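I opened this entry to keep track of what I looked up and in which order.

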Amino acid sequence: MEKVPSPISIPEKTRPQDPPEASPKPYKKSFVTTLMEAATLRSPSFKEDTYCISHLKSSEKKALQELKDKLTASYGPDGESTMWGIPLLGGDEKADVILLKFLRARDFRVSDSFHMLEKCLAWRKEFKADNVAEEDLGFKELEEVVAYMHGYDREGHPVCYNTYGVFRDKDMYERFFGDEEKLKKFLRWRVQVLERGINLLHFKPGGINSIIQVTDLKDMPKRELRVASNQIISLFQDYYPEMVARKIFINVPWYFSVLYSMFSPFLTQRTKSKFVISGQGYAAETLYKFIRPEDVPVQYGGLSRPNDLQNGPPKPASEFTVKGGEKVNIQIEGIEAGATITWDLVVGGWDLEYSAEFVPNAEGSYTIAVEKPRKLSPSEEAINNSFTSSEAGKMVLSVDNIASRREKVAAYRYIVRKSALV
């Protein structure tokens, strides 16, 4: 498998040459759109906390030592106080990372932090949380659908996706939430997903010590899942402090954004800096800010399909934007005769025209319409196609956004396999 050396990618941007007879009316934002933009955190300022002891304030160092002293007095130096396989009294930096999470969750109030830690240790023992990651709970059909770890963000944090729209189906709801026993089993499975994500963390100063949560609110049944949602939130808040670096909400209904804009003044800046809220139809634009396109699932405007990660790290993609009123041509040159080119291409929210053609180098040869121009709906997933050329030339991938005013994020990648006969 060989990629063409130094390929040339040229975005050609063209606008209609003939101006309209009358100037278009200025675009006016609706009241709801204005509220949503006010509620959306476009450039979150959250910076992950340091776990380097040398960077702590003197008061924070003192609190850490006091928490260790309380833990030793309660459990003894050789007591059973471990989390995620790390002895909390082992005296190493991994233990410090965990203890600092509990301290930060309680603003370095030592007594409150110790009480939270005790409750967590007791719960993990009763719940048998150390073993849950390896259990077969019979939720195969929900994996990669409801809650799942998938790839990493641009900084290396594992990403957990959550979507509960499937439970609008009454049969699905009854199968997993029909009685108390089913609910308990579902909650155990949800903890399992989180534990698997936490197993990917470094627990090391300067390392990756938290995950990213992406929650899709599209079609989420609010009333039906209220009990389950409350229990999940309670479990995570009480027993997994400071494990989430950023919470990204996508496909957010307008009323959720309005509510957020109302109560956000009462949240601390630290809490608000972790939240990212994105309205319906802007999933790709939001996720690309934090996650590379090749790591974003195809259903959210990315290039990553469920089985891709089984074949090793994803192949990097090139990112670009398609402005409103523009057509962008991506030219992939240097394709030899007999070579096969395979490409992936996606535009967030599509709603534009796409086509692909092969242009031979030889004069007199005809351009081949590999994919005729067609309108792609906003819900379309990434294009994946291949073409074997009979002569040398270039591939031109075109996305035509002339009919829209909205700028859209996009990404593509390709690979060229030379003919084995050469």
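**Confidence**

I began with the scores: the protein averages a pLDDT of 86, and 87% of the residues score at least 70. Where pLDDT is low, the predicted coordinates should not be read in detail.

**E294**

I then turned to E294, which lies in the loop between α11 (283-288) and β9 (318-322). Is E294 buried or exposed? With a relative accessible area of 5%, E294 is buried, because the cut-off for that term is under 20%. I looked up what its side chain meets, and found a polar contact of 2.6 Å with the side chain of R292, while the backbone nitrogen of A317 is reached at 3.2 Å. Leaving aside neighbours within four places in sequence, I noted L303, S304, P314, K315, P316, A317 and R413 in contact with E294.

**Helices α7 and α8**

Last, I checked how α7 (residues 180-198) and α8 (residues 226-239) are placed: their axes come within 11 Å and cross at roughly 40°, so the two helices are oblique to each other. The crossing in which α7 passes α8 is right-handed. On the α7 side I listed L183, F186, L187, R190, V191 and L194 as making the contact, and on the α8 side V227, A228, Q231, I232, L235 and F236.

Methods: Residues numbered from 1 in each chain as written. Predicted model: local features only at pLDDT ≥ 70, side-chain atom pairs only at ≥ 80, totals over all residues. Heavy atoms only, no water. Helix = DSSP H or I, 4+ residues; strand = E, 2+ residues; numbered from the N terminus. Buried < 20%, exposed > 50% of the residue type's maximum accessible area, 1.4 Å probe, protein only. Polar contact = N/O pair within 3.5 Å; in protein donor to acceptor, adjacent residues only side chain to side chain. Contact = heavy atoms within 4.5 Å. pLDDT = per-residue confidence, 0-100. Axes fitted to C-alpha atoms, helices over the stretch in contact; angles between N-to-C directions. Parallel < 35°, antiparallel > 145°, perpendicular 65-115°, else oblique. Left-handed = near helix turned anticlockwise from the far one by under 90°.
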